[in-house]
Amino acid sequence: MERTLKKRKPALSDLEKQRKRSRTRRRILQYFPFYIMLLPGLLYLLINNYLPMTGLIIAFKKIDYSLGIFGSPWAGLSNFTYLFSNNDALYAMRNTILYNLGFIVFGNLLAIVVAIALDCVASKFLRRFSQIVILIPFLLSTVIISYIVFAFLSPTTGFMNNSILPLLGIEEPIKWYNEPEYWPVIITIVYLWMSFGYNSILYYSTLISIDRSLYEAAVIDGASTWQQIIYVTLPGLKFTIITLVLLAVGRICYSDFGLFYQIPQHSGMLYSTTQTIDTFVYRALLELNDVGRSSAAGFLQSILGFVLVFTANTLVSKIDRDSALF
């Protein structure tokens, strides 16, 4: 009897395998049209995002155009050591990180405050109108914004020198485009004006999804408006805040090229406070024609961004596992 059972077991397993194959085959045939629809997107992702990654070897080569990328001699890590030995590159790294830290803190604070203010507006028309108005700067080209900033800061006809400074008792005009110490504040203000509308709408979309019965229960318990914000609104925004901050941390080594190149009007006097890694790479490629060093800077940006996102996500997962991205 035991021998017959032992002989039947392989037969049963073969039958199960056949059933699994048939189910897999039916599933593939069932979803085959969706796979076909997915194919163009996968091809685009492969061609646009993965094939260009072979160009990372440029960061480790001394490019000779007559020999091509693969025929050029290897430079080792000399392109990377140049970034740490060049004062301009170090200033660019410092500015990029410090500006982005300020943007993350002040940008999210301002966006949360504006989102809460929008949620408190009773009139639906005023709420929609406010959303449109605060979103306009985000939709404007950086070139247009640079001319708006120039209209404020022009040494001769600017609104600041002709109208604001005389009211403050300052008679002598300031040459804004020659004084680098003012530009950390100017760049931060311009960035906040450009981006707070879009970020506040992201937070507002989360706010309107919070269950209103929580606010009603808080009012019944005697909570003030400030207490409702602390104990109901902010906990409801927690996951969105963490997600946006983690995404911003991943791009802390990147910068808005238009913001740091167009707004200061490419003034060489302001490089110490307005040059970032992106503008440094652009100038290195445009003025020095050094593809290897430019690629090394971009490659370093990607590596640092990956490490920062992974580290920040690990810290968040240890504090609150459900709030982590992965």
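I began with salt bridges, defined as a side-chain nitrogen of Lys or Arg within 4 Å of a carboxyl oxygen of Asp or Glu, and the count by this rule came to 1. The pair is Arg212 and Asp119, whose side chains meet at 3.0 Å, N to O. It links distant parts of the chain, since Arg212 lies in helix α8 (residues 212-220) and Asp119 in helix α3 (residues 87-120), 93 residues apart; helices here are DSSP runs of H or I with at least four residues, numbered from the N terminus.

The model is predicted, with local features needing pLDDT of at least 70 and side-chain atom pairs counting only at pLDDT 80 or more, while totals for chains, interfaces and linings use all residues. Residues are numbered from 1 along each chain as its sequence is written, and side-chain values use heavy atoms, with hydrogens and water left out.

I then checked accessibility (buried is under 20% relative accessible area, exposed over 50%, partly exposed in between, with a 1.4 Å probe and protein chains only). Arg212 is partly exposed at 36%, and Asp119 is partly exposed at 21%.

Next I looked at Ser294 in helix α13 (residues 291-319), which counts as buried because its relative accessibility is 8%. Leaving aside neighbours within four places in sequence, Ser294 is in contact (heavy atoms within 4.5 Å) with Val281, Ala284 and Leu285.

Last, I looked up Arg26, which sits in helix α1 (residues 2-50) and is exposed, with a relative accessible area of 52%.

Note on methods: Helix = DSSP H or I, 4+ residues; strand = E, 2+ residues; numbered from the N terminus.
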